[in-house]
Amino acid sequence: MNAINDHCIQVCNNLLKGELSALETYTEVIDKYDGKPASELERIRNHHFASAERLRENISDMGGVPREETGAWGLYAKALQGIENLFGPDSAMEALQRGEENARSDYEKALADSEVMASSKSMIRHELLRRIHR
């Protein structure tokens, strides 16, 4: 492998960590809601699952090993219960929204990184960011 590949694998693994954390967070929150909020949260969780799978595939195609540990979203999962207890479910939803905004920012940083390979940027731009925007 070369330095560009190694860097791209590292960036994609960091994005994967975020997706895995999002899956963990949404799974915890879904159990607390019934009806429409839960079904919408399940839809979003499914988008994160698809993005995680795509990132795993991309990392493997580059010769890397996909990581399985979670990242910053895990902090949201731990804080959500306290937020909901103090301020109600609307605040928990706002915290999820902030997590989505952080994920969008991480993808945009990867797109701006000159060492991320064009094929990975295409995947981010045309698949992963589109899921975040939905």
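User: Let's start with E57: at 44% relative accessibility, what does E57 count as?

Analyst: E57, at 44%, counts as partly exposed. Before we go on, keep in mind that this is a predicted model, where local features need pLDDT of at least 70, side-chain atom pairs count only at pLDDT 80 or more, and totals for chains, interfaces and linings use all residues. Residues are numbered from 1 along each chain as its sequence is written, and side-chain values use heavy atoms, with hydrogens and water left out.

User: Which side chain does E57 meet in a salt bridge?

Analyst: A salt bridge here is a side-chain nitrogen of Lys or Arg within 4 Å of a carboxyl oxygen of Asp or Glu. E57 pairs with R54, at 3.3 Å from N to O. Both sit in helix 2 (residues 36-61), three residues apart, or about one turn of the helix. Why does that spacing work? An α-helix has 3.6 residues a turn, so residues three or four places apart point the same way. Helices are DSSP runs of H or I with at least four residues, strands are runs of E with at least two, and both are numbered from the N terminus.

User: What else does R54 meet in a salt bridge?

Analyst: R54 also meets E127, at 3.0 Å from N to O. R54 is in helix 2 and E127 in helix 5 (residues 118-133), so this pair ties together parts 73 residues apart in sequence. R54 is partly exposed at 21%, and E127 is partly exposed at 26%.

User: How many salt bridges does the whole structure have, and which residues are joined into one network?

Analyst: The search finds five. One of them joins E68 and R56, at 3.2 Å. That pair links distant parts of the chain: E68 is in the loop between helix 2 and helix 3 (73-87), and R56 is in helix 2, twelve residues away. Shared partners then join E53, R56 and E68 into one network. R56 is buried, with a relative accessible area of 18%.

User: Where is the kink in helix 5?

Analyst: A bend is the angle between axes fitted to the seven residues ending at a residue and the seven starting there. In helix 5 the kink is about 35 degrees, centred on I124. I124 is also among the buried residues of helix 5, along with M123 and L128.

Key:
Buried < 20%, exposed > 50% of the residue type's maximum accessible area, 1.4 Å probe, protein only.
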